[in-house]
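Dear colleague,

I am passing on a structure for you to look at, and my notes on it follow below.

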Amino acid sequence: MQRLIAELRNSGISDENVLAAIASVDRERFVTQTFAERAWENTALPIAFGQTISQPLVVAAMTEALRVGPRMKVLEIGTGSGYQAAVLAKLARRVYSVERFKPLSKAAERLLLDLGIYNVVVDINDGSKGWPGQAPFDRIIVTAAAEERPQALIDQLAVGGILIVPVGRDPTSQVVERIVKNESGLQRDTLMPVRFVPLVAGPLPVLGQG
């Protein structure tokens with residue numbers, strides 16, 4: 001773990017709160033037994049339903065760019081293993097996380113509770129629609145690549161809020177965008193190239209309801 005934190009520092013992650021959050025979350029608990037020995041490597045690893053647990057550097061960089069404060073309400077799209085939600089939970093007041101695959105959502109929920117993380121609320125739904133009933137959010141982070149900027153999520157962002165979202169149809173040309181919502185409009189900047197699974201919209205899979 002210390003080697004990973006050192007690697008994140010050397011890669012430009014400087015927010016001590018983010019580094020402390022990553023150090024305090026046991027990544028090994030979020031990967032399958034097959035990949036347990038690689039849990040603290042700076043690499044993405046596969047989980048169920050064709051999804052992945054993101055590379056720690058990407059988690060750290062996106063979390064740092066989100067600028068989460070301790071009183072904030074954060075929306076995460078794509079619960080996956082629950083790892084990103086666990087990191088966010090160390091920084092925010094409350095995290096709302098949406099996942100379309102029921103088994104992933106339920107497993108993440110159980111694991112987070114088992115780890116004593118009680119400020120994450122999960123929902124099984126179409127993440128592209130956000131979580132309208134809990135909007136507005138101070139911060140929104142998307143852990144899958146949208147084909148274009150997701151207007152539904154921008155609409156659910158509070159004024160002064162930040163949205164971090166990978167954008168791009170082609171996996172070889174995806175970039176993470178930071179969108180800041182001001183009273184005068186949106187301010188956008190590009191952070192880094194990434195490779196994420198696609199953000200899927202539409203009806204939930206029957207397979208994922210088991």
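The lining of the second largest pocket has 8 nonpolar, 3 polar and 1 charged residues, where Ala, Val, Leu, Ile, Met, Phe, Trp, Tyr, Cys and Pro count as nonpolar, Asp, Glu, Lys and Arg as charged, and the others, Gly among them, as polar. Among the residues that line this second largest pocket are Arg29, Phe30, Ile47 and Leu104, and about 160 Å³ of space lies in it. A pocket here is an open set of points on a 1 Å grid over the protein atoms alone, where a 1.4 Å probe fits, with protein on both sides within 12 Å along at least five of seven lines, and lining residues have an atom within 4 Å of a point.

Please bear in mind that this is a predicted model, in which local features need pLDDT of at least 70 and side-chain atom pairs count only at pLDDT 80 or more, while totals for chains, interfaces and linings use all residues. Residues are numbered from 1 along each chain as its sequence is written, and side-chain values use heavy atoms, with hydrogens and water left out.

The largest pocket holds about 360 Å³ of space, and of its 27 lining residues the closest to its centre are Gln51, Gly78, Glu99, Thr143 and Ala144. Its lining divides into 12 nonpolar, 12 polar and 3 charged residues.

Ser54 is buried, with a relative accessible area of 16%, buried meaning under 20% with a 1.4 Å probe and protein chains only. Ser54 touches Arg27, Thr43, Ala44, Val59 and Phe196, not counting residues up to four places away in sequence, a contact being heavy atoms within 4.5 Å.

Best regards

Definitions and conventions
Buried means under 20% relative accessible area, exposed over 50%, partly exposed in between (1.4 Å probe, protein chains only). Grid points are joined across faces, edges and corners, and a volume is the space filled by probe spheres set on the points.
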